[in-house]
Amino acid sequence: MSAELPNPSDASDSKPLFSVADPRVLRTLDASLNRAAEGLRVVEDYARFIRDDALLTEQLKRLRHGLAELGRVFPWQDRLALRETASDVGVSISTLSETCRASAEEVCIASLERSQQALRSLEEFAKTVDGAPSAGFERLRYETYQIAKAIAAGQRGSDRLASARLYVILDGSGSLADFSALVTSLCQAGVGVVQLREKGLCDRALVCFARAMVTAAADFPTLTIVNDRPDLAVLAGADGVHVGQEELSVHDARAIVGPQRLIGVSTHNVEQLKQAVKSGADYVGLGPTFPSKTKRFESFAGLDFLREAAVTTSLPAYAIGGITEENLADVLATGAQRIAVSAAVTGSAEPAEAARRLLKQLAVR
Ligand SMILES: Cc1ncc(COP(=O)(O)OP(=O)(O)O)c(N)n1
Ligand SMILES: Cc1ncsc1CCOP(=O)(O)O
Ligand SMILES: [Mg+2]
């Protein structure tokens, strides 16, 4: 076990120090502080180097520092004096699963679980020391659950949307037959995601369109999303739902769509983006970027938001709003790699050809 002790020069004089009467308890606290910190560092490395995710990295770093801060109340000299690695009965016990990991994701999950267990141990044993910050360890443990959710969602989104750079939003204003034919032609063109976004139909008609979309896309890798309505996404057997800032939260939508379906969230600024990541969104929409022929807006997040988002999260993120073949180069220059469009495709005399041209532009990056 490495010596993850706080730097003595960092020790804050203002913090009360607890001398732990029972040396066995102090040994336990010391070991758990180290285990939790080591585990969190591994997860932080995963967020930073494997996922390249600034937001998760920052959250984990804050968590690790919060842990070090809590640990400082146990005098480091006492902790060090009690360390007996050579005679620790647990040191040589390791299970086969600890020596072999199938992937970086598995390393991350195992480390996160290790940290959670260590935090639980800290929480419980700190209760035996009068005034020690048991509740603080409990709070950190809950934060790790939220991080685990964000990591898992990011993984689900990144895996399933890995090659989906073009996302096309369709309405249900025409006939069901035309709609099905359009979905099929877009799937054939290689569109990654199609979304049914229709505000003017009754539920009974809407679910017919949603089912038609799912049926038409069934033989293709194209994913199907229903806008606003998790209930209809489930009924139709779609791959997911997209919710805005005023629709159901990710938490509530997840209760309806279950663990496997994708949940996308519209975001208009960095705060909303951070919140969407935290809440366990599988992907985000970023916008509106430009004035749109499909929806009216009073204000625009613009290209600046795309620039900020590109260095904030590794979650699949779709720039949306007025994106066309003409302005796509400006969008891509922000670092954005994915777009969601409606008019640029559906407003074309040959939607599938328009989609192919957009895909070609997107593939250059
Ligand atoms: C991919 C994608 N991004 C954003 C939106 C917009 O959702 P929302 O803000 O809820 O607005 P409406 O589309 O419901 O009017 C979207 N639908 N898809
Ligand atoms: C639903 C929605 N939300 C933000 S922009 C937009 C419409 C996207 O359509 P278009 O690509 O035609 O602007
Ligand atoms: Mg909506």
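I take a residue as buried if 20 or more other C-beta atoms, placed from the backbone, lie within 10 Å of its own, as exposed if 12 or fewer do, and as partly exposed in between. On that criterion, 42% of the 365 residues of the protein count as buried.

I note that this is a predicted model, in which local features need pLDDT of at least 70, side-chain atom pairs count only at pLDDT 80 or more, and totals for chains, interfaces and linings use all residues. I number residues from 1 along each chain as its sequence is written, with chains lettered from A and ligands numbered from 1 in the order in which they are written.

**Overall layout**

I looked up the extent of the protein: along the principal axes, its C-alpha atoms fill a box of roughly 80 × 35 × 35 Å. I recorded 15 helices and eight strands, read as DSSP runs numbered from the N terminus (helices H or I, at least four residues; strands E, at least two). I call two residues in contact if their C-beta atoms, placed from the backbone, lie within 7 Å. Of the contacts with a separation of 6 or more, 66% are between residues 24 or more positions apart.

**Core**

I define a nonpolar core as a set of buried Ala, Val, Leu, Ile, Met, Phe, Trp, Tyr and Cys residues joined through C-beta atoms within 7 Å. The largest has 97 residues, and V168, A210, A281 and L286 have the most contacts inside it. Helix α1 (residues 23-50) gives this core its largest share, nine residues. Both domain 1 (8-157) and domain 2 (163-363) contribute at least three residues to this core; the domain bounds come from an automatic or database domain assignment. Beyond four places in sequence, A210 is in contact with L196, V226, L232, A236 and A238.

**First annotated site**

I consulted UniProt, where an unreviewed entry lists Q195, L196, R197, E198, K199, N227, S266 and K295 under "binding site". Its positions are given in the numbering used here, feature names are shortened, and annotations may be inferred rather than shown by experiment.

I find L196 in strand β2 (residues 193-196). L196 is buried because 30 other C-beta atoms lie within 10 Å. Its contacts beyond four places in sequence include F209, A210, V226 and N227. N227 belongs to strand β3 (residues 223-227) and counts as buried, with 23 C-beta neighbours inside 10 Å. Outside four places in sequence, N227 touches Q195, L196, R197 and H242.

**Second annotated site**

The unreviewed UniProt entry also covers D228 and E247 as "binding site". They span 20 residues in sequence, yet no two of their C-alpha atoms are more than 6.5 Å apart, so they gather at one spot. I place D228 in the loop between β3 and α9 (230-236), and E247 in the loop between β4 (240-243) and α10 (250-257). D228 is buried, with 20 other C-beta atoms within 10 Å, whereas E247 is partly exposed, with 16. D228 touches V243 and E247, leaving out residues up to four places away in sequence.

**Ligand shells**

I count a residue as near a molecule if its C-beta atom, placed from the backbone, lies within 6 Å of it. Around ligand 1 I find 16 residues, the closest being G244, S266, G285, I320 and A340. Strands β1 (166-170), β5 (262-267) and β7 (317-320) each supply at least two residues of this shell. The shell divides into five nonpolar, seven polar and four charged residues.

Ligand 2 is surrounded by 15 residues, with S292, T294, G321, S342 and A343 the closest. I class its shell as seven nonpolar, six polar and two charged residues. Here Ala, Val, Leu, Ile, Met, Phe, Trp, Tyr, Cys and Pro count as nonpolar, Asp, Glu, Lys and Arg as charged, and the others, Gly among them, as polar.
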